[in-house]
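Colleague: I would like to go through this structure with you slowly, one question at a time. Could you start with any term that I need before the numbers make sense?

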Amino acid sequence: MNDSTAVKENQSVKIDPRAGKYLTFFLDSEEYGVEILKVQEIIGRMPITPVPLTSSYIRGVINLRGNIHPIMDLKIKFGMNQTRITDETCIIVIRTASMMMGILVDKVSEVVNLTSADIEDTPSFGAEVNPEYLLGVGKTGGKVRLLLDIEKIITATDIINMKKAAGGESKEAIAES
Amino acid sequence: MNLNQLAILLIELDPETPSNLDEFKKNLILTKKKARGKIKNILEQACSEMETWSGLDPDQRRSGMVRMGELLEQAMDLSIEKTSGAKPKKSKIIPQKKMESLKFTLSNEFDADLLNEFIVESMECSGMAESSVLEWEKNPDNQELLNTIFRGFHTIKGTSAFLNLDCIKDLAHQAESILARVRDGKENFTGDHADLALKTLDIIKGILERMKLSGPGQQIELPADYENQLNALKNFVSGVRQLPVDEIPNIPDEPDVDIEPKKRPTRKEEEIAQKQAVSPMQFSGLAAESTVRVKIDRLDKLLDTVGELVIAQTMVGEDELIINGKNHELNKKVSLAGKIVRELQDLSMILRMVPLKGTFQKMARLARDLSQKNGKKVDFIIEGDDVEIDRNMVDMMADPLVHLIRNSVDHGIETPEERHRSGKSEDGHIHLTASHAESSIMLTVSDDGRGLNRRKIIDKAVARGLVDSTERISDQEIWQLIFEPGFSTAEQVTEISGRGVGLDVVRQAVEALRGRIEVQSSEGKGCTFIMRMPLTMAIIDGMVVKVGFQRYILPIVNIQKAVRPLESDIHTVNQRAEMLLFQDELLPIIRLHRLFDIPDAQTQLTSGLLVVIGEGQHRCALFVDDLLYQTQVVTKLLGKGMNNVPGVAGGAIMSDGTVGLILDSSGIISIARQRSNTTA
């Protein structure tokens with residue numbers, strides 16, 4: 001009995017649920033990571049159809065093999081400037097239990113394997129991103145990456161902008177986020 | 001092999017094929033070996049009966065089969081009696097339903113697939129039986145109908161016994177006994193028979209519904225009126241009638257006829273036996289179109305893929321290399337492929353179509369129950385129930401139909417006395433008709449009741465401020481008023497117009513199906529509601545409109561007219577609200593670019609187009625840059641979380657592979673109104 005609890009404790013020390021493979025990408029010059037298991041695929045830029053009366057960080061919708069999925073501009077969500085579409089711009093398609101959504105990123109970087117030793121808890125200062133949206137900070141090879149809790153970000157997204165729908169100005173909507 | 005299965009085998013038995021007979025015999029002997037006590041004795045009798053068949057000609061065999069049927073029935077009755085006392089070995093796996101708690105547990109022995117199949121099959125059987133009961137009420141002498149009902153109950157009884165679902169089996173068995181007495185000519189048909197049969201089917205369906213929501217090993221609560229119904233059926237069989245029956249036939253008082261062995265089959269019974277003997281053939285004749293059950297998500301996936309294929313094909317066809325190419329052979333091949341792809345698309349669309357039969361049957365039942373409750377006589381006539389419609393629309397369509405039929409029975413059709421006074425036949429008539437009209441479906445609900453009261457509607461409308469003057473208002477415009485939201489609240493309206501309960505709900509539902517509703521009425525003669533809807537929600541005809549750099553699809557049904565306005569047509573009210581003078585009416589102008597905040601759009605009204613959308617009081621002129629072209633698109637959802645975007649009904653993949661947004665005109669009108677209210 002005692003043995004097994006000891007083993008369990010040992011395991012829980014060893015295995016951090018956050019450890020695993022991350023897909024990393026850039027927003028401006030900052031590098032972020034999302035769990036690779038949440039990533040369905042990476043697609044190059046493609047025409048995005050804007051949808052009216054939605055939040056400013058919803059860039060619109062795309063056609064992915066006959067299904068329509070919303071695209072979020074993470075930079076607007078995090079209070080940066082709107083993403084400028086370039087040749088390097090990519091859409092990372094995220095699949096959560098309940099929905100699929102694409103996120104727009106400036107550049108996809110690499111896939112890294114992070115052990116629990118590489119992951120630190122989120123510092124409560126400094127980052128522009130709301131700490132609630134972060135799993136932690138990954139440090140390997142002299143690089144620092146903010147690991148996003150992408151599921152939380154997606155599910156906490158208010159797609160429809162009630163203010164806009166009711167006639168409020170769109171500028172307010174941007175300032176608000 | 002249990003008794004029920006044996007009985008089913010017997011019904012399907014063809015006396016002219018000896019090989020069938022041998023198999024039946026084998027099963028009979030096997031069953032006999034497993035049976036005990038009295039049942040064994042009866043089966044023993046059956047076996048010896050069977051021994052005599054081999055030398056007989058088919059006709060004699062038929063009467064032999066009738067005797068065999070009787071013996072099996074006896075055995076089954078005995079086994080049921082046993083079940084309520086000491087259970088036969090099979091049901092020990094299931095904790096028997098206890099009458100106090102009225103719950104039962106689905107056995108773990110069967111997997112979910114099997115149970116599902118049973119549920120679907122039994123639902124079909126009860127549906128079939130229900131419609132036959134309704135028919136039977138009209139033609140009580142039709143033996144074939146009675147046999148169909150009988151078969152329905154019998155199949156349910158057999159399969160539920162196989163799955164140890166005693167609660168369903170008991171109900172079906174009792175209902176069968178009641179019907180058997182009518183079939184055997186021991187009783188004449190009365191309304192009570194039909195009532196009991198329908199109620200039983202309801203409860204069986206109720207149990208099935210509950211089963212659908214749970215799985216093997218789970219406990220299910222029986223419907224509240226289960227026990228009552230079972231007792232009612234039992235009492236009915238044993239001759240205790242709760243309701244006065246005028247024509248109780250003079251049969252000797254045998255408490256349970258089925259147990260008493262009969263001496264000789266009558267002539268009539270032989271006929272029935274013959275009918276039953278050929279029934280499998282008739283059955284296969286009815287179901288000549290054999291079918292396959294397919295999961296709906298697979299079907300949807302197929303449709304999606306075909307949609308993609310169409311787009312991919314269009315892209316190939318519109319490629320520069322093809323359009324400007326000089327390779328005629330290649331062009332030919334591409335266009336041939338295109339033809340096939342389009343054919344494939346049409347074919348795949350048909351896959352989703354289902355006949356309206358099921359919905360119509362429910363309506364027939366509703367009309368029957370309602371008219372009984374209201375003490376009215378209603379003859380409900382169905383036409384065109386084989387018309388097919390997209391299965392996604394079937395459920396959405398049921399609600400408005402229920403409303404309209406309720407309306408007709410409650411308010412439209414008069415009481416028999418009233419009808420008699422006004423020189424009409426005492427039976428009111430309600431027709432429910434479906435037909436194809438161009439590429440849409442037309443549903444009409446028509447009654448010969450009292451019709452709409454023009455004057456009272458106008459009074460009401462004036463009082464509500466819906467119309468100012470009543471002079472130049474056409475009948476059609478008046479009838480449209482009853483669909484106004486404010487018009488229909490509760491009883492006041494029922495008092496005033498006699499009609500109009502919740503008709504705005506009907507209109508909303510029809511509009512949600514991209515359809516329109518009209519009403520025709522003539523006072524004292526009746527009232528007809530006509531609904532036109534597209535055959536499918538999956539494809540819509542739309543006009544592509546341009547606003548700035550954006551393209552939107554506006555469904556053609558929503559467009560009344562598009563005008564390029566002259567300066568003189570446009571009026572400004574209070575320096576702010578712009579109005580369009582259209583057919584002597586001022587319609588508010590909605591600038592789509594402003595509503596959706598689209599940059600670089602045309603702002604000069606006279607350089608763009610105004611599209612008149614909406615109905616009646618809600619008509620508006622939608623300002624867009626231009627109309628581009630007409631197109632047919634496959635509608636899609638915008639992905640989770642985006643389906644409630646105001647003003648947008650959905651998306652579609654355009655021929656260039658991008659997503660186009662389909663506008664929702666009533667949504668646009670309501671946002672525009674909301675805004676003008678907040679800014680005013």
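Modeller: A residue counts as buried when its relative accessible area is under 20%, as exposed when that area is over 50%, and as partly exposed in between. Please also keep in mind that this is a predicted model.

Colleague: With that definition, what share of the residues of chain B count as buried?

Modeller: Chain B has 22 helices and 20 strands, and its accessible surface comes to about 34,300 Å², with 51% of that supplied by carbon and sulfur atoms. Among the 680 residues of chain B, the share that count as buried is 49%.

Colleague: Among contacts in chain B between residues at least 6 apart in sequence, what percentage join residues at least 24 apart?

Modeller: The percentage concerns pairs in chain B that are at least 6 apart in sequence, and it asks how many of those contacts join residues at least 24 apart. For chain B that share is 69%.

Colleague: Turning to chain A, how many helices and how many strands does it have?

Modeller: Chain A consists of 177 residues, of which 49% count as buried, and it exposes about 9,000 Å², where carbon and sulfur atoms account for 51%. In chain A, 56% of the contacts with a separation of 6 or more are between residues 24 or more positions apart. As for its secondary structure, chain A has five helices and eleven strands.

Colleague: Is A:Glu31 buried or exposed?

Modeller: A:Glu31 sits in strand β2 of chain A, which covers residues 30-35. Beyond its neighbours within four places in sequence, A:Glu31 is in contact with several residues, including A:Phe25, A:Lys143, A:Val144 and A:Leu146. Because its relative accessibility is 7%, and the cut-off is under 20%, A:Glu31 counts as buried.

Colleague: Why does B:Asp22 count as exposed?

Modeller: B:Asp22 belongs to helix α2 of chain B, residues 18-34. From B:Asp22 to B:Met50 there are 28 residues in sequence, and their C-alpha atoms are 9.7 Å apart in space. B:Asp22 counts as exposed because its relative accessibility is 52%.

Colleague: In the loop between α21 and β16 of chain B, where B:Asp600 has its place, what is the phi of B:Asp600 near?

Modeller: B:Asp597 lies in the loop between α21 (592-595) and β16 (609-613), where it counts as partly exposed because its relative accessibility is 47%, and its phi is near 60°, a positive value in a residue other than glycine. B:Asp600 has its place in the loop between α21 and β16 too, and it counts as exposed because its relative accessibility is 58%. The phi of B:Asp600, a residue other than glycine, is positive, near 60°.

Colleague: Is B:Leu605 buried or exposed?

Modeller: B:Leu605 is found in the loop between α21 and β16 of chain B, and its C-alpha is 9.6 Å from that of B:Ile589, 16 residues away in sequence. Aside from neighbours within four places in sequence, B:Leu605 is in contact with residues that include B:Pro565, B:Ile589, B:Arg591 and B:Phe623. Because its relative accessibility is 7%, B:Leu605 counts as buried.

Colleague: Which residues in chain B lose the most area to chain A?

Modeller: Three residues lose the most, and together they account for 26% of what the side of chain B buries. They are B:Lys640, B:Met642 and B:Val659.

Note on methods. Residues numbered from 1 in each chain as written. Chains lettered and ligands numbered in written order. Predicted model: local features only at pLDDT ≥ 70, side-chain atom pairs only at ≥ 80, totals over all residues. Heavy atoms only, no water. Buried area = accessible area lost by both parts, 1.4 Å probe. Helix = DSSP H or I, 4+ residues; strand = E, 2+ residues; numbered from the N terminus. Buried < 20%, exposed > 50% of the residue type's maximum accessible area, 1.4 Å probe, protein only. Contact = heavy atoms within 4.5 Å. Areas by Shrake-Rupley, 256 points an atom, 1.4 Å probe, with all protein chains shown as cover.
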